[in-house]
Amino acid sequence: GALAYMDGVNLLELFGELTDLPAIVENDANCAALGELWRGAGKTYENIVCITVGTGIGGGIILDGSLYRGSHFRAGEFGVIPVGDNGECMHEVASASGLMESCRQALALSADEMPHGKELFEKMDSDVHLREAIDLWARNLARGVYSVISMFDPQVVLIGGGISEEEKVFKLLGRHLETFEQWDALQVPIQPCQLGNQAGRLGAVWLAKKKAAPRE
């Protein structure tokens with residue numbers, strides 16, 4: 001998606017030529033979902049959606065304990081869902097980079113002057129403009145989460161990325177989700193991922209184990 005020059009390149013063959021060991025290739029967010037399913041917050045569930053919030057928005061979908069890739073291997077590309085008031089996609093207005101840009105404009109600072117994400121959440125209670133920017137970002141993210149839940153009806157939604165360490169994010173999400181008409185009927189738990197940056201690595205290990213011993 002993000003690396004257009006890699007379109008059509010067979011990564012499995014490319015990396016397979018560099019070693020005699022078996023090789024696997026998988027999307028990073030899919031690996032994160034598998035890692036959480038195997039060793040993290042999703043290990044007690046069969047149907048989960050993992051949404052990774054970083055520079056963009058990614059995701060992985062687990063249905064009946066198996067990774068769902070879609071007919072064209074594009075399942076889980078939640079970042080393209082339009083959630084902004086003018087049709088802006090999640091990548092643009094609900095990602096961590098989208099949050100930083102909105103807060104930068106609210107604070108009238110340059111990119112070099114911007115505080116870290118944790119500090120922004122600490123300051124939001126005392127700065128009305130910052131609070132409004134973060135609240136708008138949370139509303140956009142909530143719209144995307146709501147859409148994903150309505151489509152896949154998972155048992156749980158797991159939020160990954162550094163933003164998932166902020167407790168206020170989940171409170172803001174909950175507040176916005178409660179304003180949506182069918183939330184009482186659709187609602188499922190929304191929880192942070194447990195494995196952090198290890199989730200993707202563990203998911204890749206799980207896939208490698210399955211390839212080496214598929215009957216286990």
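Author: Let us begin with Thr55, whose place is in the loop between strand 1 (48-53) and strand 2, where helices (H or I, at least four residues) and strands (E, at least two) are DSSP runs numbered from the N terminus. This is a predicted model, in which local features need pLDDT of at least 70 and side-chain atom pairs count only at pLDDT 80 or more, while totals for chains, interfaces and linings use all residues. Residues are numbered from 1 along each chain as its sequence is written, and side-chain values use heavy atoms, with hydrogens and water left out.

Reader: Is Thr55 buried or exposed, and what is its relative accessible area?

Author: The classes are set by relative accessible area, with buried meaning under 20%, exposed over 50% and partly exposed in between (1.4 Å probe, protein chains only). Thr55, in its loop between strand 1 and strand 2, is exposed, with a relative accessible area of 72%.

Reader: Which residues does Thr55 touch, not counting those up to four places away in sequence?

Author: Contact here means heavy atoms within 4.5 Å. Gly16, 39 residues apart from Thr55 in sequence, is 29 Å apart from it in space, C-alpha to C-alpha. With residues up to four places away not counted, Thr55 touches His91, Ser95 and Ser97.

Reader: Which residues does Ile48 touch, again not counting residues up to four places away in sequence?

Author: Ile48 lies in strand 1 and counts as buried at 0% relative accessibility. Ile48 and Leu202 are 154 residues apart in sequence and 17 Å apart in space, C-alpha to C-alpha. With residues up to four places away left out, Ile48 touches Ala33, Leu37, Gly42, Gly60, Ile61, Ile62, Pro154, Val156 and Leu158.

Reader: How many helices and strands does the protein have, and what is its radius of gyration?

Author: The protein has nine helices and five strands, and from the N terminus on the elements run α-α-β-β-β-α-α-α-α-β-α-α-β-α. The radius of gyration is taken over C-alpha atoms, and the globule rule is 2.2 Å times the number of residues to the power 0.38. That rule gives 17 Å for 216 residues, and the protein comes close to this value, so it is as compact as a globular protein of that length, with a radius of gyration of 18 Å.

Reader: What share of the contacts with a separation of 6 or more is between residues 24 or more positions apart?

Author: The C-alpha trace spans about 55 × 40 × 30 Å along its principal axes, and 38% of the 216 residues count as buried. Among contacts in the protein with a separation of 6 or more, the share from residues 24 or more positions apart is 65%.

Reader: How many disulfides does the structure hold?

Author: A disulfide is a pair of cysteine sulfur atoms within 2.5 Å. Cys31 is in no disulfide, and the nearest cysteine sulfur, that of Cys50, is 11 Å away; Cys31 is buried, with a relative accessible area of 7%. Cys103 is likewise in no disulfide, the nearest cysteine sulfur being that of Cys89 at 18 Å, and Cys103 counts as buried at 0% relative accessibility. The number of disulfides that the structure holds is zero.

Reader: With which residues is Gly203 in contact, leaving aside its neighbours within four places in sequence?

Author: Gly203 is found in helix 9 (residues 198-212) and is buried, with a relative accessible area of 0%. The C-alpha atoms of Gly203 and Arg39, 164 residues apart along the chain, are separated by 8.8 Å. Leaving aside neighbours within four places in sequence, Gly203 is in contact with Cys31, Leu34 and Gly35.

Reader: What is the phi of Asp64, and what is that of Asp153?

Author: Asp64 lies in the loop between strand 2 (57-63) and strand 3 (66-67) and is exposed at 62% relative accessible area. Asp153 lies in the loop between helix 6 (128-152) and strand 4 (156-160) and is exposed, with a relative accessible area of 59%. Neither is a glycine, yet phi is positive in each, near 50° for Asp64 and about 45° for Asp153.
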